[in-house]
Number of protein chains: 2
Amino acid sequence: MNNQNLLATALVSVLAFTAAISHAADPLPSWNNGKARQSIVDFVEKVTKPGSPDFVPAAERIATFDNDGTLWAEQPMYFQILFAFDRVKVLAPQHPEWKDKEPFASLLKGDLKGALAGGEKALMEIVGATHSGLTTEEFEKIVREWIATAKHPATKKPLTGMVYQPMLELLSYLRANGFKTFIVTGGGIEFMRVFAEQVYGIPPEQVIGSSGKLKFEMRDGKPVLVKLPAIDFIDDKDGKPIGIQTHIGRRPIAAFGNSDGDLQMLQWTAAGPGARLCLYVHHTDAAREFAYDRESHIGKLDKGLDEAATKGWTVVSMKDDWKTVFP
Amino acid sequence: MNNQNLLATALVSVLAFTAAISHAADPLPSWNNGKARQSIVDFVEKVTKPGSPDFVPAAERIATFDNDGTLWAEQPMYFQILFAFDRVKVLAPQHPEWKDKEPFASLLKGDLKGALAGGEKALMEIVGATHSGLTTEEFEKIVREWIATAKHPATKKPLTGMVYQPMLELLSYLRANGFKTFIVTGGGIEFMRVFAEQVYGIPPEQVIGSSGKLKFEMRDGKPVLVKLPAIDFIDDKDGKPIGIQTHIGRRPIAAFGNSDGDLQMLQWTAAGPGARLCLYVHHTDAAREFAYDRESHIGKLDKGLDEAATKGWTVVSMKDDWKTVFP
């Protein structure tokens, strides 16, 4: 074999090997073949193919994901609320007045229903009391320690094991195709950031969420940021496109949610020019996860389901479209 | 030459060529050799060298830059104020009442001093009137058109030509070393984002700034975000570390400013563990740019200069440390 032939042979081998790798590995192994999977793959191929009329430069490939109910489970209640409940128990000795004060009194007696009877106001009181008065670093440490051992009340799995395997694959698939993936959650931004990088591969600067006000102050000559008990921003419904504009400043081309709280984010995404992917995860799998939509108190999906049908958005049936739910 | 030798020779050539490229190109050609330049290079080598006790993983290499006076000029006044003044003239026909109302009346007569006599309150009124009532897309289009032709009142150069060449090199040098570069400006986030990518190579999601409140609404079935005349966040002084925490959620390891408005950002950066680079650009060059510090109304650098001396932060003298100021 002469030198030229040797080089040509080597080159062909390398190319063949590369092609084999890219064809062999299914990027979405937990997704059944079906309309939902196909709509994702079609979209990604369209926006990444140079010369395609729908081609989008990598810098503009922004994909935004709701978290609760979209990337991990949210039943029987948002996991951050479980955190807040646990914190109430830890903090109770410092708050003797909680014994006679709702919603804390019921919570400390183990009466969840009683504690939640006060509705959103009661929840906000619990979150306010447990998420403030700390520096950002103290809070991060507490969340980090809690999430390392917290278990789901029904499945007894670690909460970080309650993420959806098909969505982890989708995040990786998008990133492998040059997308920048963001979380846009109604949950707390400081809470989510503690584990988003480890669990989802999403760095803190790509997490958008609800937030409380912060105060800069000097303690013993060292600057700290103190979490105040005042709401700064609620990243839900109308807040989601606003949070996206504030943090990203660029309209997503793909958005993923599971509830009416995500509807405005999907509308905002859909309204841009060119190819768009708007996707709802529909909780249809009572056997492997939970089944709920129009009547649910948590993750209600009603208007969104109608609008998805009208607009032709992708609706993923967990029961039919996913081979596996949890890793 | 046998096959093995051929491959070895090719490999050696490639390696030699790569080494030649990386050694030949000075990443900071507009910086004079001196303490300032050396402190930058030492820091970058320290945090990027695997095995070094100061090594920082790429994901944590966050560098934050003030804009006005740090990346581009800010004299005789912030360029965004020039934009607001131009907008007042454009909008005047729709606001006949401005003829008798300060600060607009003075401004429309060309009396800048009179217009600015009302201090910060007058400025806020002008910014409020010119930066709201539009959708985010309308505002972006107006800024884009304005910045394409706006000239500096003294030098008559395009405003985007009033950026500092040494700082452009510094941004590129940091990015080439795995840093993620952010702008943290007291100026408007929506204003800056329009040209930050083109001028500085910084995408919109890496621009943090002051902001007004936004409102999501449907217009003819299409969602828009409307800029309201209410302040949401002032990204200056204490606001800078707060803006960094809200948008990045990770403490920078390097921060660059030029005024007391950047002091808290530098303090926050310096207070983290491991190697840190805190740098002030000191305006010492009346011939090539402007000379001002402790007594200036714009970009006052007083406490910061003292703290830089005490803490051993890097202070760049534009006159002595920069070979070139503008591109």
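1. Two strands count as paired if DSSP finds at least two bridges between them. The model discussed here is predicted. In chain B, strand S1 (residues 62-65) meets that cut-off with S5(B): the two pair in the parallel sense over 3 bridges. Within this pairing, B:Thr64 stands opposite B:Ala255 of S5(B).

2. S5(B) also pairs with strand S6 (residues 277-282) of chain B. These strands run parallel, joined by 4 bridges. Here B:Ala255 stands opposite B:Cys278 in S6(B). The chain gets from S5(B) to S6(B) through helix H11 (residues 263-270) of chain B. This β-α-β crossover is right-handed.

3. Which way do the residues of S5(B) point? B:Ala254 and B:Phe256 point one way, B:Ala255 and B:Gly257 the other. In a regular strand, side chains alternate between the two faces of the sheet. Every one of these four residues, 254-257 of chain B, is buried.

4. Helix H10 of chain A spans residues 239-247 and is mostly covered. How many of its 9 residues are buried? The count is 8. Among them are A:Lys240, A:Gln245 and A:His247, along with A:Ile242 and A:Ile244. Just after H10(A), A:Gly249 takes a positive phi of about 70°.

5. Chain B superposes on chain A by a rotation of 180° with 0.0 Å of shift along the axis, at an RMSD of 0.0 Å. The two copies are therefore related as by a two-fold rotation axis. The same surface serves both copies: 100% of the contact residues of chain B recur in chain A.

Key:
Residues numbered from 1 in each chain as written. Chains lettered and ligands numbered in written order. Predicted model: local features only at pLDDT ≥ 70, side-chain atom pairs only at ≥ 80, totals over all residues. Heavy atoms only, no water. Buried < 20%, exposed > 50% of the residue type's maximum accessible area, 1.4 Å probe, protein only. Least-squares fit on C-alpha atoms with pLDDT ≥ 70 in both. Contact = heavy atoms within 4.5 Å. Right-handed = clockwise from strand over helix to strand, strands pointing away.
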